[in-house]
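Visitor: I'd like a close look at one part of this model. Keep it residue by residue, please.

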Amino acid sequence: RYHDAVAHFTSAIQLFPAGAPKTLYSNRAAALTLAARELAKADEKRVALLSSAVDDADRVIAMDATWYKGHSRRGNALHVMGRLAEARTSYEEALRLDPTNSMVMSSLKDVEEGEASAAANAAASAAAKAAAAAKAAAAAKAAAAANVAAAAMAAEDARTLQSGRAP
C-alpha cells in the first residue's frame, strides 16, 4: 500500500512542472521510508527507496529549512538505513524547530537507544576478542612450556643413552 502512495505522490509532483509544494515531497519521503521498512534488509530496492526518501527530505529542507518535517523525514530514512548519528542530527534539528513534537522526541530516543546498544555490542565484541586473544596466548605459552619440557626430557634421555645407562 505504501508503494501505491509513492506512485500517487510522484504523479502529483509531476503535475507541478514549475515546482511542487514541499508537502508532496515530504509525504513522498514518508511513504518511501515506510515502503522500504516492509522489504527485507538485504534488498537492493530497499536501499534505493531509502536513498530516494533522503533525497526528497533534502529537497524539502532546501525549500524550507525552518520546517521541522523535512528534518524529521530525513531522520526517519537515515534511522531505517542504520545511519544513527546522522539520524540523531536530523531529529535534533527537527526538535530545535519544533521543541514539543512528541513523535520526533520518541524517534530521537529510539536512535539514542540504538546508538547505546551499538556501543555496548561493540564493547562486548572487543572484550570477547580480547578474551579470545588472551586464551590463545595462554594456550601458546602452555604449548611452549610443554615443548621445553619435552625437549629437556629428550635431552636427558639422550645423555642417558650416551652414558650407556638405560633410560
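Which residues of α2 are buried?

Guide: First, the ground rules. This is a predicted model, in which local features need pLDDT of at least 70 and side-chain atom pairs count only at pLDDT 80 or more, while totals for chains, interfaces and linings use all residues. Residues are numbered from 1 along each chain as its sequence is written, and side-chain values use heavy atoms, with hydrogens and water left out.

Now your question. The buried residues of α2 are L24, Y25, S26, R28, A29, A30, A31, L32, T33, A35 and A36. Buried means under 20% relative accessible area; exposed means over 50%, and partly exposed lies in between (1.4 Å probe, protein chains only). Across the protein, 28% of the 167 residues count as buried.

Where does α2 sit? The protein has six helices and zero strands. Their order from the N terminus is α-α-α-α-α-α. Helices (H or I, at least four residues) and strands (E, at least two) are DSSP runs, numbered from the N terminus. Helix α2 covers residues 22-37. It has 16 residues and reaches 23 Å from its first C-alpha to its last, close to the 22 Å expected at 1.5 Å a residue. That expected span is 1.5 Å times one less than the number of residues.

What do the buried residues of α2 pack against? They pack against α1 (2-14), α3 and α4. Contact here means heavy atoms within 4.5 Å.

Take α1 first. α1 and α2 pack at an angle of about 155 degrees, with their axes 8 Å apart. Axes are lines fitted to C-alpha atoms, for helices over the stretch in contact, and angles run from 0 to 180 degrees between N-to-C directions. α1 and α2 are therefore roughly antiparallel to each other. The cut-offs: under 35 degrees counts as roughly parallel, over 145 as roughly antiparallel, 65 to 115 as roughly perpendicular, and the rest as oblique. The crossing of α1 and α2 is left-handed. That is, the near helix is turned anticlockwise from the far one by less than a right angle; clockwise would be right-handed. On the α1 side, the contact uses Y2, H3, A5, V6, F9, T10, A12 and I13; on the α2 side, it uses L24, Y25, N27, R28, A31, L32, L34 and A35. By class, this contact has twelve nonpolar, three polar and one charged residues. Ala, Val, Leu, Ile, Met, Phe, Trp, Tyr, Cys and Pro count as nonpolar, Asp, Glu, Lys and Arg as charged, and the others, Gly among them, as polar.

Next, α3. Helix α3 spans residues 44-63, and it packs with α2 at about 160 degrees, axes 8 Å apart. α2 and α3 are therefore roughly antiparallel too. Their crossing is left-handed. α2 brings K22, Y25, S26, R28, A29, L32, T33, A35, A36 and R37 to this contact; α3 brings R46, L49, L50, S52, A53, D56, A57, R59, V60 and M63. The contact of α2 with α3 has eleven nonpolar, three polar and six charged residues.

α3 also meets α4. The angle is about 160 degrees, and the axes are 8 Å apart. α3 and α4 are therefore roughly antiparallel to each other. This crossing is left-handed. R46, L50, S51, A53, V54, A57, D58, V60 and I61 in α3 meet G70, H71, R73, R74, A77, L78, V80 and M81 in α4. The contact divides into ten nonpolar, three polar and four charged residues.

Last, α4 itself. It covers residues 68-81. Its 14 residues reach 20 Å from first C-alpha to last, close to the 20 Å expected. Buried here are G70, H71, S72, R73, G75, A77, L78 and V80. H71 counts as buried, because its relative accessibility is 10%. Beyond four places in sequence, H71 touches I61, A65, S90, E93, A94 and L97. H79 counts as partly exposed, because its relative accessibility is 24%. Leaving aside neighbours within four places, H79 is in contact with L84, A87, Y91, S107, D110 and V111. H79 and L108 are 29 residues apart in sequence and 9.4 Å apart in space, C-alpha to C-alpha. After α4 comes G82, with a positive phi near 85 degrees.
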